[in-house]
Amino acid sequence: MTAVKDQLIRSLPQPFIKRFSLTLILGVIILLVAQKYPTLQDLLLFVVFLIIIFGLGFDPRLYFTLGLIGLIATPFLSLLISLISVDALSHFVVGTFFFFSAGLLKQLYDTIRLHRR
Amino acid sequence: MKNRYVPLTVITIITCITHWVWLKGSTILSYSDWGYTYRQTYLEFIRPPTLWQTNGLGSINIVDISRYPIELLSGILALSASAEVIEHLVIFYPLMLLMILGSFFMVYRITKSPFAAVVGSLVYSFNTYFLIGVNLILLVAYALFPFIFILYHQALKEKRIGLAMATGLVAWLASAYEFRAFYIMAGLLFSYFLYFLAVYQKDKSNTAIKHIVILGLLPFFLVALLNSYWLLPLIKLHSLTTNDLFSRELFGNAYMSLPRAMTLFHPFWTGHTPANFVIQPLPWRFWIIPIAAFFGLWLNRKNRFILFFGLVSIVGILLTKQVDHPFVQLYPWLYDHWPGFNAYREASKFYFLIALGYSVLIASLIAWLEIVISDYTWGKVAVVIIGVSISTLFLWNTKPLITQDFGTLFIPRHIPASYPALTHLLVNEKEFSRTLWVPRDSRWGIETTYHPKVSLVDTVQTVWNGFIQFVPHDNNWPEQDQMAELLHHPYMANILNIASVKYVVVPVRDVANDDDFFIHYGNNRDFYINLLNQQPYLKPLDLGPNNELKVYENNTAQPYITAQNHLYQVDSLEELDTTYQFVKNQLGSEFNFTLTENGDSSAPHIVNVFDQLKDAKIAPDSLSFTIKDSGDIRLFTNQTKAALAKGNGVAISDEITNTILSPTTAVSTPYASPFNEEHFTSPHAVRFEWSDRLNPLVNLIPNPSFESGLWQTQVGDCNNYDKNPILGLNLSQASASDGQKSLQLEATRHIACTGINRLSVTPNTDYIFRFDYQGVTSKEAGYYLSFDDPIHTVLTKRLPTQDTNWHNFHSIIHAPAGSSHMSLTIYSYDGDHTTNIITRYDNFQLVTLPDLQDRYFIMSRPNQKLSPPNHLSFETMSPYHKQTHIAGATQPFYLTQSERFNPGWKVTLLRPNSFLVDRINPFFRSVKLPTTTHLAWDNTINAWYIDVPSLCQNKSLCQHNSDGSANFDLSIDFAPQHWLNVGSIVSLMTLFAMFVYGLRMIKKKQTSLARWIKSLLKKELEHDRR
């Protein structure tokens, strides 16, 4: 268990706490601004999305894995549509889509960075 | 599967099985928007490209003009092939073969696995979007994309100009099939170019970058040059991104969703016959598709190709979901702001990106499995099982195609027996005439340059929309009512005559061919037959077996070009019926009209006085307004009983001198008798004032300016489709058009509404209804008036707001028989569900209008004597160039041309005995008529005021006869065609240059074409071995 924990901590981007706090603060500020300016909501949401991806600096694998888990779960959830609401399912799919998008953008960034080296 | 020919054979056989209906070249295939084209029509395509298309009442059709190369090819094939064979050679065979073979080659290039390429090609070819699609030209363009991509990638990789030119050539072919498809592909190719620069380009020196940029942009440049024959004139006309096709409202928001986009599932897919516009549940098995695709992406994420196609898939999903979450505003924003994006009024065309991306991603999964687990004993079997399972998902979609349960374009059609007789009639008629199809055209009706088809339902919504007062509301069949209203207008015969509509046809209910469109227009064919039977100018014809196809002949239809001498200017298209009756009965003249706003001063201006109350001042005991008209004026009065009351009446005065021109003392004339006529001269304007001290005018709307508060305390929800409305209602002091306060309605979700119930009205009485409105963040305001008469009459209208200023709406409304109360509702319509849409209203007026309408007409008549020439003949040189010979002209006249009004049409006077070059090339012609003489005749077609005395002042331009009359020749041209001709030269020169370069390249290799191709193939085989 300790080994797993160590592995997990090692896999986190460093310094994680600092990155996480900064991302959180920036994200919350922009979301608050988005509430005030509804016409800019999509744009600001995209900015928050980018801040999270590049601020946290996780490996794209993490996003792809989470996206795949979500995607595999979706057909089963859709079979249980009578138990969960349609809105909840569509939010779930949106989350899945975000994970894949995040994974792709981060992977693209890493690939370009690698190529420039 | 080391040999590629085995999988190629397999996929070809699969395609032949699934599309077996398409194999027989003589089969007629037609469904929905994919019509049927007769051979005679194809033969007309052998001509130079033309910007002006004669379809309907004539227009510039961006899709048709960009398809010229394909149309020309079809025309050439028509010299020796039937219509069915042409369609098969140009559309069906290329589509079924290129789609699967192209995707196979592309996926094979990326994955290097034949088996994976087979699976990828099945994903690309047999997904629900491509199978359900009936826009086949779009699909052929998509089928060409894999080839374009392979060529482009190789051009960038090998840095070969020849390959970049080949990319441009194939891309041009795709654009010639469907330019909108090419536009998406161009975006994709350009993205790939940027991606290539970012992740493939190693040499970062300036020279290398310059070289690769030139190479990367060369195909785009070539496509632009090759298409310059139509791009150039459209750019000059500013109609490349703003035209009828690109000005439509965003459509289909409800159909598109994120889950459907992710699963590559078309919303109308049922597994058998598509359920058009009925959203189908998403079967769970379709979720396997994105799982497989994203698994492939996850496993191959470090492969740069795969990463690119992953991005393509994500962007495809983002666009295809249209306004679904997330980023709900993205698509509407792109639609409004991104140049050319308004060509995609619904997002289904972006399914292509998902299909393309998934085909590579899923194939990459199979290829990965082949490498990783094939070494195990069970590995190969497992890969085959997974590959076959995924392929089965897509092959299963083709089951209804094979069994013909799918219908659509996968079932042979047969031309109903009633149509050949009509086709024969039209083909053998040499004079130009149009055929009006009621309610709309049948696919089996022939259309040629000399006999265009006019669909009534389409024309009612476009060219003739101004003649319609009926506004759709709760009525189930708004189009049916609109068409009936149009045909009931007494002046409609004139409109049809001048548009050269010689035949009117009610098609048969074509149930056998899945084409019974009557269900969309009232589901009652007899309604339309009865409607046409009532028109005295239409004579039924006996055509075809059992007279099943109803064909009527209009014997008064006018030729394509005519000379006319009766035209009136009117201020609006409302109340034309009464003006028509007045002109016909009182003035005894033909009624043709043009709108005053067109600025033609040569025609008499006629005003139905008490229809012009927009700026009327309403006081309790008077109603006054001014009509700006001057010069020699004739006033026609047929006074009302209301005007006879003692001491009251209608005073008509010159605004400056205040001289009363018409006595307030009543002239005792019954309503139906002829009008009294007075002549006077007005220097500026005529003022009308109605007064009645005994019966004062009362505003029937209480608290009309909201100075005493709101009408209702709670906001109404007039579109409560779910439980999450975000609406508001309050008094605004920020802005008001009258007093200090106005009413403010707000809607973020649903439609906010408020109003007044049960206002007392008197049946068969006219009212002036006016109010002010302001769109703070809204694009439209709107009202809804409902009466309690037995048929529950409703009057409703949406009012566009272009700015944030206050605007005034006014209308004269008629309380129907049997009504005693009226209710008024006003709205604020929601938008993108996130923006608060604010609309303000103020200053409502509902005032009883005295019985004054249609009793006062004024006409300002210029002192012009018009007379048509003794003789007029014309010759059609091409759809955009006509020559007219006028003989025996003494007085000015109007020259009409039966094409939809477009300022691009010009008339020039030809010099007598001019050279051929003068007649062919309009740049050399001597006298161009000023644009002010060009007008919209009956608000429909082109007409010009031909001022003969002034035109023939220069004696060398006209031939003068001994009787004082003149003969001359006029040329009518669609001027923007000249830019098309210039663009055509550029296109041809580019094509020629590419051809010469290709030849030179082959010659440089010092080998014959055959040997060159052989060497290419050899290179391919070497590539395989590697």
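Predicted model: local features only at pLDDT ≥ 70, side-chain atom pairs only at ≥ 80, totals over all residues.
1. Chain A, secondary structure. Chain A is built with five helices and zero strands. Taken in sequence order, its elements give the pattern α-α-α-α-α.

2. Chain A, burial and surface. Of the 117 residues in chain A, 34% are buried. The chain exposes about 7400 Å², and carbon and sulfur atoms supply 73% of that area. Among contacts in chain A with a separation of 6 or more, 66% link residues 24 or more positions apart.

3. A helix pair in chain A. Helix α2 (residues 16-36) and helix α3 (residues 41-56) of chain A have axes that come within 9 Å and cross at roughly 180 degrees. Angles over 145 degrees count as roughly antiparallel, and α2(A) and α3(A) are therefore roughly antiparallel to each other. On the side of α2(A), the residues making the contact include A:F20, A:L26, A:I30 and A:L31. From α3(A), the contributors include A:L44, A:L45, A:V48 and A:I52. By class, the residues of this contact comprise 14 nonpolar, five polar and one charged.

4. Chain B, overall form. Chain B has 30 helices and 38 strands. Its C-alpha trace spans about 110 × 80 × 70 Å along the principal axes.

5. Chain B, burial and surface. Buried residues account for 56% of the 1026 residues in chain B. The accessible surface of the chain is about 43200 Å², with 58% belonging to carbon and sulfur atoms. Of the contacts in chain B with a separation of 6 or more, 75% are between residues 24 or more positions apart.

6. A helix pair in chain B. Helix α12 (residues 206-226) and helix α13 (residues 228-236) of chain B pack at an angle of about 75 degrees, and their axes lie 5 Å apart. An angle of 65 to 115 degrees counts as roughly perpendicular, and this description therefore applies to α12(B) and α13(B). The contact is formed by B:A224, B:L225 and B:L226 of α12(B) together with B:S228, B:Y229 and B:L231 of α13(B). These residues divide into five nonpolar, one polar and no charged.

7. Surroundings of α13(B). The buried residues of this helix are B:S228, B:Y229, B:W230, B:L231, B:P233 and B:L234. They pack against several elements of chain B, namely β2 (59-60), α4 (62-66), α5 (68-78), α11 (179-199), α12 and α29 (977-1004). After α13(B) comes B:H238, which has a positive phi near 55 degrees.

8. Is B:V388 buried, partly exposed or exposed? The relative accessible area of B:V388 is 41%. A value under 20% would be buried and one over 50% exposed, so B:V388 is partly exposed. The residue B:W368 is 20 residues from B:V388 along the chain, and their C-alpha atoms are separated by 15 Å.

Notes: Residues numbered from 1 in each chain as written. Chains lettered and ligands numbered in written order. Heavy atoms only, no water. Axes fitted to C-alpha atoms, helices over the stretch in contact; angles between N-to-C directions. Helix = DSSP H or I, 4+ residues; strand = E, 2+ residues; numbered from the N terminus. Parallel < 35°, antiparallel > 145°, perpendicular 65-115°, else oblique. Contact = heavy atoms within 4.5 Å. Nonpolar A, V, L, I, M, F, W, Y, C, P; charged D, E, K, R; others polar. Buried < 20%, exposed > 50% of the residue type's maximum accessible area, 1.4 Å probe, protein only. Areas by Shrake-Rupley, 256 points an atom, 1.4 Å probe, with all protein chains shown as cover.
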